[in-house]
Amino acid sequence: MTDAARLAKLSEVLGYPVEPELMKRRLERLLSRPDHVVLVAESQTDGVVGWIHAAEQDILEIGRSCEILGLVVAADQRGHGVGRRLMEWVERWAFERGLKQLSVRSNVARAESHPFYERLGYTRVKTQHAYWKHMR
Ligand SMILES: CC(C)(COP(=O)(O)OP(=O)(O)OC[C@H]1O[C@@H](n2cnc3c(N)ncnc32)[C@H](O)[C@@H]1OP(=O)(O)O)[C@@H](O)C(=O)NCCC(=O)NCCS
């Protein structure tokens, strides 16, 4: 919880600006759920330099799997293995829950993430449109 403000800052880097207080409330909710995991990467000199959020999904046509819902490493910390280690810890968490399938959706605009996931053994299976609706 004490990392909430830094997580909010990094969320902005990811393209999702969020107020620290709101991030705190989201964290409070998610950290109490055993089917979600939020991990941070911390450097001795720079503090929190990345975070990852993943969750167990149970989809009628696919079954149980682990989906990576968010991942970001601070711009000046990339290329040093931080993203890889965050992914490895999530994979370990998934394995311990008996989840053998992992998935992640990445915006086509996130060019640096595509070779990253492929390097970690993920295969691109499709390209899709995303639809949102805001209810009043
Ligand atoms: C994608 C991201 C998380 C990668 O984090 P990172 O800490 O730089 O990645 P790592 O240093 O752990 O790299 C792991 C492997 O991927 C490779 N890789 C990482 N970025 C790469 C790139 N842009 N091009 C080619 N290979 C890349 C590395 O060479 C490394 O391979 P190796 O371990 O065999 O040497 C980071 O670039 C980021 O936060 N990007 C912005 C947000 C984003 O796109 N998030 C994903 C949302 S779906």
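Modeller: Strands (E, at least two residues) and helices (H or I, at least four) are DSSP runs numbered from the N terminus, and two strands pair if DSSP finds at least two bridges between them. This is a predicted model, in which local features need pLDDT of at least 70 and side-chain atom pairs count only at pLDDT 80 or more, while totals for chains, interfaces and linings use all residues. Residues are numbered from 1 along each chain as its sequence is written.

Colleague: Which residue stands opposite Arg64 in β3?

Modeller: Strands of a sheet pair through backbone hydrogen bonds, either parallel or antiparallel. In this pair, Asp58 is the residue opposite Arg64.

Colleague: How many bridges does β1 form with β2?

Modeller: Eight bridges link β1 and β2, in the antiparallel sense. One example is Val38, whose bridge partner in β2 is His53. A hairpin of three residues connects β1 to β2.

Colleague: What is the order of the strands in the sheet?

Modeller: The order is β1-β2-β3-β4 in an open sheet of four strands, with mixed pairing. At the edges are β1 and β4 (102-104), each of which pairs on one side only. On average, neighbouring strands are turned by 25 degrees against each other, direction ignored.

Colleague: Which strands does α3 lie across?

Modeller: α3 lies across β1, β2, β3 and β4, and runs at about 150 degrees to β1. Such angles run from 0 to 180 degrees between N-to-C directions, with axes fitted to C-alpha atoms, for helices over the stretch in contact. Contact requires C-beta atoms, placed from the backbone, within 7 Å.

Colleague: Which residues have the most contacts inside the largest nonpolar core?

Modeller: In soluble globular proteins, nonpolar side chains tend to be buried together. Here the largest nonpolar core has 20 residues, and Ile52, Ala54, Leu86 and Val90 have the most contacts inside it. Two or more residues come from each of α1 (4-13), β1 (36-43), β2 (47-59), β3 and α3. Such a core is a set of buried Ala, Val, Leu, Ile, Met, Phe, Trp, Tyr and Cys residues joined through C-beta atoms within 7 Å; buried means that 20 or more other C-beta atoms lie within 10 Å of a residue's own.

Colleague: What is Leu86 in contact with, leaving aside its neighbours within four places in sequence?

Modeller: With those neighbours within four places left aside, Leu86 is in contact with Leu39, Ala41, Gly50, Ile52 and Leu71.

Terms used. Buried ≥ 20, exposed ≤ 12 C-beta atoms within 10 Å, placed from the backbone. Contact = placed C-beta atoms within 7 Å.
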